[in-house]
Amino acid sequence: MKKRNLVSVIVPVYNTSPYLGRCIESVLHQSYWDIELLLIDDGSTDNSLEICRHYQELDSRVRVFHKENGGVGSARNLGIAQMRGDFFLFLDSDDALAPNIIEQVMDAYTKFSDADMIAFGWQKIFHDGSTEQYLPGDALVTEIGSGIQTLLTNYNGYGGGYPNKLWRTAAFGGNVPKYNEALFYFEDMEWMVRMFLAIHSFGCLDSIGYLYYIRSDSTTFRTDNAARKEQGYHASAQQIRADLACQPELAAWFADRYYPEIVNGVLHAWKMGHSQLGRWLLCQMRRCRWEILTSKHISGKIKLRCAALSLLFWIR
């Protein structure tokens, strides 16, 4: 019998013990058996590591790694370094995979034989049990430039963040791009831009595969760190602009859409009393002010604000 491809499922773990069993079992109960589940404990202070080791004893497909806390990017990078799979995907430890989705995606690779990645649908699950579904359609995408544009402008399409995608390891020639550990918010989108730039085509599967549970205490939805998240977002967006330098037209397209956010971000930061963030954004704006002022696609209103803020910088 022909040996089936091995699929690596990489799960960074940090203090998610109440949800971890649900996550792990959603992987181990997949109809596709040829899986390795990499649980990367990022210095948890609850009993998450013990839960991981318990499942390792129960199922030989589970591999557990423990490291000092370094952030989710460093945990994902360790998973990339340790994985053995012909294909791989990421899963957050408080989320889950839908039953049989890996089997469905591997079958889709038969249909889209040239695809380097397949994106599948995902579902938000709210506290009250209500749900929202996002499906990417059913197609092979060969225009990677337009794919990146959709990724960056339509989060609910096959954008959907990093988890609803299963990648072909060989597409990266043995060198899967690592996460930029200097970034701490929106870092998954920056990583995906580099991943998209490295592939030639990808398929879309019109089936729900990723179950995204909304938690009010998660980093994404907390409001007590708004200024830090805003700075993290802009740091990642600026790195995306640098990543796209190899595609000048795509880089210009992104700049025309992103640069107004810097200008408005300065004003918003000051309005909210985040003076340190405002000063930092003002410095970032000045670095790209000539691109803003000379762009044919940025509005005159934004240009006027940019000019006024630049003058304010010199006065101060």
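**Strand β10 and its partners**

In which sense do strand β8 (residues 139-141) and β10 pair, and over how many bridges? The two pair in the antiparallel sense, over three bridges. Strands pair here if DSSP finds at least two bridges between them. Within this pairing, A139 stands opposite C204 in β10. Helices (H or I, at least four residues) and strands (E, at least two) are DSSP runs, numbered from the N terminus.

Strand β6 (residues 117-125) also pairs with β10, in the parallel sense and over eight bridges. There, K124 has Y212 of β10 as its bridge partner. Strand β5 (residues 96-97) is joined to β10 by two bridges, and these strands run antiparallel. The bridge partner of L97 in β10 is Y210. Strand β10 (residues 202-213) has 10 of its 12 residues buried, so the rest of the structure largely encloses it. Buried means under 20% relative accessible area, exposed over 50%, and partly exposed in between (1.4 Å probe, protein chains only).

**Basis of the model**

This is a predicted model: local features need pLDDT of at least 70, side-chain atom pairs count only at pLDDT 80 or more, and totals for chains, interfaces and linings use all residues. Residues are numbered from 1 along each chain as its sequence is written, and side-chain values use heavy atoms, with hydrogens and water left out.

**Salt bridges**

The count of salt bridges comes to 10. A salt bridge is a side-chain nitrogen of Lys or Arg within 4 Å of a carboxyl oxygen of Asp or Glu. One of them joins R4 to D34, with the closest N and O atoms 3.2 Å apart. This pair links distant parts of the chain. R4 lies in the segment before β1 (7-13), and D34 in the loop between α1 (17-28) and β2 (35-42), 30 residues apart. R4 is partly exposed, at a relative accessible area of 33%. D34 is partly exposed too, at 24%.

R4 also forms a salt bridge with E103, where the closest N and O atoms are 3.2 Å apart. E103 sits in helix α4 (residues 101-111), 99 residues from R4. Another salt bridge brings together the side chains of K67 and D42 at 2.5 Å, N to O. K67 belongs to strand β3 (residues 62-67) and D42 to strand β2, 25 residues apart. Both K67 and D42 are buried. Shared partners join R4, D34 and E103 into one salt-bridge network.

**Helix α5**

Which residues of helix α5 (residues 144-153) are buried? They are I144, G147, I148 and L151. Seen down the axis of α5, these residues fall within an arc of 100°, so they line one face of the helix. The arc is that of the directions from the helix axis to the C-beta atoms.

**Y258 in helix α9**

Y258 lies in helix α9 (residues 248-271). Is this residue buried or exposed? Y258 is buried, because its relative accessible area is 1%.

Its contacts reach back along the chain. Leaving aside neighbours within four places in sequence, Y258 touches Y233, H234, A237 and Q238. Contact means heavy atoms within 4.5 Å. Q238 is 20 residues from Y258 in sequence. In space, the two are 8.7 Å apart, C-alpha to C-alpha.
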